[in-house]
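Subject: Handing over the structure

Dear colleague,

I am passing this structure on to you, with the sequence and the coordinates placed just below. Please look through them before reading my notes.

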Amino acid sequence: MSDDSMTGQVIVVTGASSGIGRAIAIDLAGRGAHVVATARSTDRLAATVVSITDAGGSAQAILCDVTSAADVHRLFTEVDRTHGRIDALVNNAGIVAPAAIDEMTTEDWRTVIDVNLTGPFLCTRGAFAIMKRNGGGRILNIGSISASVPRPNSANYAASKAGLVGLTRATAIEGRPHGIAAGCLHPGNVATEMRLGEEPEGAEGWNAEPMMTTEQVARAAALMLNVEQGTTAYELTILPIEQDFLGRG
Ligand code: NDP
C-alpha cells in the first residue's frame, strides 16, 4: 500500500512488534502517517520500524508495557513532547490465556484483563487528553468477534473484548464534544502467532479454520481511520467469508 491519505498524521500503534499491530503500523506508514510503534520487545519493535523506514516511511519505536500506568504516561509524554499531537491511537496489544472457567487461575484472568482492557484504558486516557487539547482525533480499538461469540475456555479473553466494546462506547460519548471519535474493529480468525499457537483443549482443529492475513485486517483498520472528516466508523466486523460465525449450517 502506498498513498498519501494520512500524510502528516501522528499515529500510536500498540502491540506493533508482531502480528496485526505490525501490519497496521506498516500499512498506516505506507499511507504517509508517522507511526509511533510500541510494545515490550526491543528487537521485534525495531524490526517493524526498519521495515517502515526501508520502504521510505516514517516511524519510531517507544518501549511500553500497556499494563504499566508509568510506562503509558511516559509514552504519551514523549509523543506530546516530540510531536505536540496525536491524530490516532490504535489499541491493538492483546493476549490470550485459554483455560476452562473452573480451572482458570486468578492470575490468568487478571493478566488478560490487564493487557486487553486496562491497557487500552490507560492508553486512551493518555491520548484523549492530548486529542482534547488539540481539538480531535481517532481512537481505534482492536476487539474480536469473541466479544459477542466466544469460544469455550476463553472467559478472560471474551470478557476483556466485551469490556473493550464498553470502553469504546464510553470513549465515543465523552469524545463527541471534543471531536474525538472512537471505534472498534472485530476481526475473526487472523493468521498470527497468537492464533496459530498450540491448539487449546476443546478447540481441536481450530488452526485449520479459514484465516485472514494480517494485511487484510490492517486495511480494514485503515479504512476505519480514513473515513471522511466529521464522520466516524463506529464498529466493523471482518472475517473470512467461510468462517463459522453467524449461525447453523
Ligand atoms: P500477536 O501475539 O501476534 O501480537 C500481540 C502484540 O501485543 C505483540 O506485539 C505484543 O508485543 C503485544 N503485547 C502483548 N502484551 C503486551 C503488553 N503487556 N504491553 C504491550 N504490548 C503487549 O497477536 P495478534 O496480532 O494476533 O493480536 C493483536 C490483537 O488482535 C489482539 O488484541 C487480539 O486480541 C486481536 N485479535 C486477534 C485475532 C487473531 O485471530 N489473531 C482475532 C481477533 C482479535 P510484545 O510481546 O513485544 O510486548
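Predicted model: local features only at pLDDT ≥ 70, side-chain atom pairs only at ≥ 80, totals over all residues.

**The ligand and its surroundings**

I would begin with the ligand, which is surrounded by 30 residues, and among these the closest are Arg40, Ser41, Asn92, Tyr157 and Thr192. Sorted by class, the shell around the ligand consists of 13 nonpolar, 13 polar and 4 charged residues.

Which atoms of the protein come up against the oxygen and nitrogen atoms of the ligand? In the side chain of Arg40, an N or O atom is found 2.6 Å from an oxygen atom of the ligand, and a polar side-chain atom of Ser17 is placed 2.8 Å from an oxygen atom of the ligand. With Val66 the backbone is involved, as one of its backbone N or O atoms is 2.9 Å from a nitrogen atom of the ligand. As for how far the ligand is covered, it would expose 880 Å² if taken alone, and the protein buries 93% of that area.

The residues that line the largest cavity are Arg138, Ile139, Leu140, Ala181, Ala182, Gly183, Met224, Leu225, Thr232 and Ala233. By class, this lining is made up of 7 nonpolar, 2 polar and 1 charged. At least two residues of the lining come from each of strand 5 (137-142), strand 6 (180-187) and helix 6 (214-225).

The second largest pocket, by contrast an open space, has a volume of about 420 Å³. It is lined by 19 residues, of which Gly137, Arg138, Gly179, Ala181 and Thr231 are the closest to its centre. Strand 5, helix 5 and strand 6 are the elements that provide two or more residues of that lining, and its residues divide into 8 nonpolar, 8 polar and 3 charged.

**Some single residues**

Asn141 belongs to strand 5, and its side chain makes a polar contact of 2.9 Å with the side chain of Thr168. Is Asn141 buried or exposed? Asn141 counts as buried because its relative accessibility is 0%, where the limit for that class is under 20%.

Ala23 is part of helix 1, and it too counts as buried, at 9% relative accessibility. Although Ala23 and Glu215 are 192 residues apart in sequence, their C-alpha atoms are 5.6 Å apart in space. Cys123, which sits in helix 4, residues 106-134, is likewise buried, with a relative accessible area of 1%. Its C-alpha atom is separated by 9.4 Å from that of Thr67, a residue 56 positions away along the chain.

Two loop residues remain to be mentioned. Ala191 is located in the loop between strand 6 and helix 6 and is partly exposed, because its relative accessible area is 35%. Between the C-alpha atoms of Ala191 and Gly19 there are 8.0 Å, while the two residues are 172 residues apart along the chain. Asn153, in the loop between strand 5 and helix 5, has a positive phi of about 65° although it is not a glycine. With a relative accessibility of 24%, Asn153 counts as partly exposed.

With best wishes

Definitions and conventions:
Residues numbered from 1 in each chain as written. Heavy atoms only, no water. Near = heavy atom within 4 Å. Polar contact = N/O pair within 3.5 Å; in protein donor to acceptor, adjacent residues only side chain to side chain. Areas by Shrake-Rupley, 256 points an atom, 1.4 Å probe, with all protein chains shown as cover. Nonpolar A, V, L, I, M, F, W, Y, C, P; charged D, E, K, R; others polar. 1 Å grid on protein atoms, 1.4 Å probe; cavity = no way out; pocket = protein on both sides within 12 Å on 5 of 7 lines; lining within 4 Å. Helix = DSSP H or I, 4+ residues; strand = E, 2+ residues; numbered from the N terminus. Points joined across faces, edges and corners; volume = space filled by probe spheres on them. Buried < 20%, exposed > 50% of the residue type's maximum accessible area, 1.4 Å probe, protein only.
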